[in-house]
Amino acid sequence: QLKLVNPSQYRFEHLVTQMKWRLQEGRGEAVYQIGVEDNGLLVGLSEEEMRASLKTLRRMAEKVGADITVLREREVDYDSDVPRKITEVLVRKVPDNQQFLDLRVAVLGNVDSGKSTLLGVLTQGELDNGRGRARLNLFRHLHEIQSGRTSSISFEILGFNSKGEVVNYSDSRTAEEICESSSKMITFIDLAGHHKYLKTTIFGLTSYCPDFAMLVVSANTGIAGTTREHLGLAMALKVPFFIVISKVDLCSKATVERTVKQLERILKQPGCNKLPLLVNSDDDAVTAAQQFAQSPNITPIFTLSSVSGENLDLLKVFLNILPPLTNSKEQEELMQQLTEFQVDEIYTVPEVGTVVGGTLSSGICREGENLVVGPTDDGKFLRLKVCSSIAHRPRSACRVLRAGQAATLALGPFDRSLLRKGMVMVSPEMNPTICSVFEAEIVLLFHATTFRKGFQVTVHVGNVRQTAIVEKIHGKDKLRTGEKAVVCFRFIKHPEYLKIGAKLLFREGVTKGIGHVTDL
């Protein structure tokens, strides 16, 4: 917008309608640039005009029930005696039908790069003591606390209120309170860095469908261990990622620069084709967040310390502005399809019965809905009913579950032994496609010897994880590293529910490959 000084009533109504539409399009968020002409010419406004324009913008925001925050101000070099400014403003409104915007960020990186500690510092609001105090609350098992290594997938939440301030556990809030006072929630999926737990990390990336990935690299060790592999996984699954270089308090400026250069070199390689963007100021962070969402080729790089807290604010600014990937139209299309829920975890809870955790990939799920779950070992689907409480991942009960949300559903007295990870719950009229044999177009990323018929690999497709045998390679008798082919796989144990076009990852020892399902 150029300027919004004292608009007429008619113009004001028009502006409000426009703002409503923009907010709906961005799922509750929009960034306004004031002092810029429609063709992108930076004109700038004088102090007085800017003040009046911001006042009008506040009035508009009040009318639609949104909050506004000034992101940054810039002076324009224009041939005039009065200094002219451009302002960028973030308008955020919580959509009426949901509590908050929800983004999922998977956290990747080598063992000991400081992933859990960084999350601890972000979500608890206090700095680390350099010996890992901040991450103690994130661990789920005793052996993790003893060894200091994450081996399971844990979830951490960070909220931002509509003014863009961080809402976290710092004032001894509970998770419910964080949800209530946030208009934007970021759920971090803390994954394991150690090579031994690679299958858990792959499962976390394929089944929880993160919007973004955060690759944590330690400044003093640089790119080591599983860093390259995690980078490759994010690229193979097409998850847009940004990079955080942690532990900058431990080493000299030169070491940090060396790590940054090392990363930039890797990102610019032909396989990656990314454009690194080093974030040094608030301005950079705002630009990074906006550019990152528009073009996935840009990779912001942050250098920070969880101990001294250096540059931690820049990451918070970035996360606050980061817009969701799908717009509201795509989500509504997903919600109109038939219900489909991926089962990722199964628990037994006293007085509740069997509870399943996972992601609703399409449709809407209400309490008391009748679904079928399967496939069982003999390829059948069993009927079941979703009981009362639908608890949402950020731990607040909600009556209706929408496509793309992660949640836990209570199934009541349903027999737990009939369930396993990798099953789906779908609406009965869906007539789900199940198969034991499927074809996929694959690329062999790395293999020690040749890949041929009879070879066994572990296949990951979404939340499905099972060993399969290579039945046939079309047009060739064997594959070598870097080659493409259509391969026919057969599951060893039981049939699975697959969709054509689903992304596929397989591994066996050092063998790795990616591809997509072409035929069932």
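**Exercise 1.** Explain why strand β11 (residues 298-303) is described as largely enclosed by the rest of the structure.

*Solution.* Step 1: count the buried residues, where buried means under 20% relative accessible area with a 1.4 Å probe and protein chains only. Six of the six residues of β11 are buried, so the strand is largely enclosed. Step 2: check each face. I298, P300 and F302 are buried on one side, and T299, I301 and T303 on the other.

The model is predicted, with local features needing pLDDT of at least 70, side-chain atom pairs counting only at pLDDT 80 or more, and totals for chains, interfaces and linings using all residues. Residues are numbered from 1 along each chain as its sequence is written, and side-chain values use heavy atoms, without hydrogens and water.

**Exercise 2.** Find the strands that pair with β11.

*Solution.* Step 1: apply the rule that a pair needs at least two bridges found by DSSP. Step 2: β9 (residues 241-246) pairs with β11 in the parallel sense over three bridges, and I245 stands opposite T303. Step 3: β10 (residues 275-279) also runs parallel to β11, over five bridges, with L275 partnering I298.

**Exercise 3.** Describe the residue classes in the lining of the second largest pocket.

*Solution.* Step 1: sort the residues. Ala, Val, Leu, Ile, Met, Phe, Trp, Tyr, Cys and Pro count as nonpolar, Asp, Glu, Lys and Arg as charged, and the others, Gly among them, as polar. Step 2: the lining divides into ten nonpolar, ten polar and six charged residues.

Terms used
Buried < 20%, exposed > 50% of the residue type's maximum accessible area, 1.4 Å probe, protein only. Helix = DSSP H or I, 4+ residues; strand = E, 2+ residues; numbered from the N terminus.
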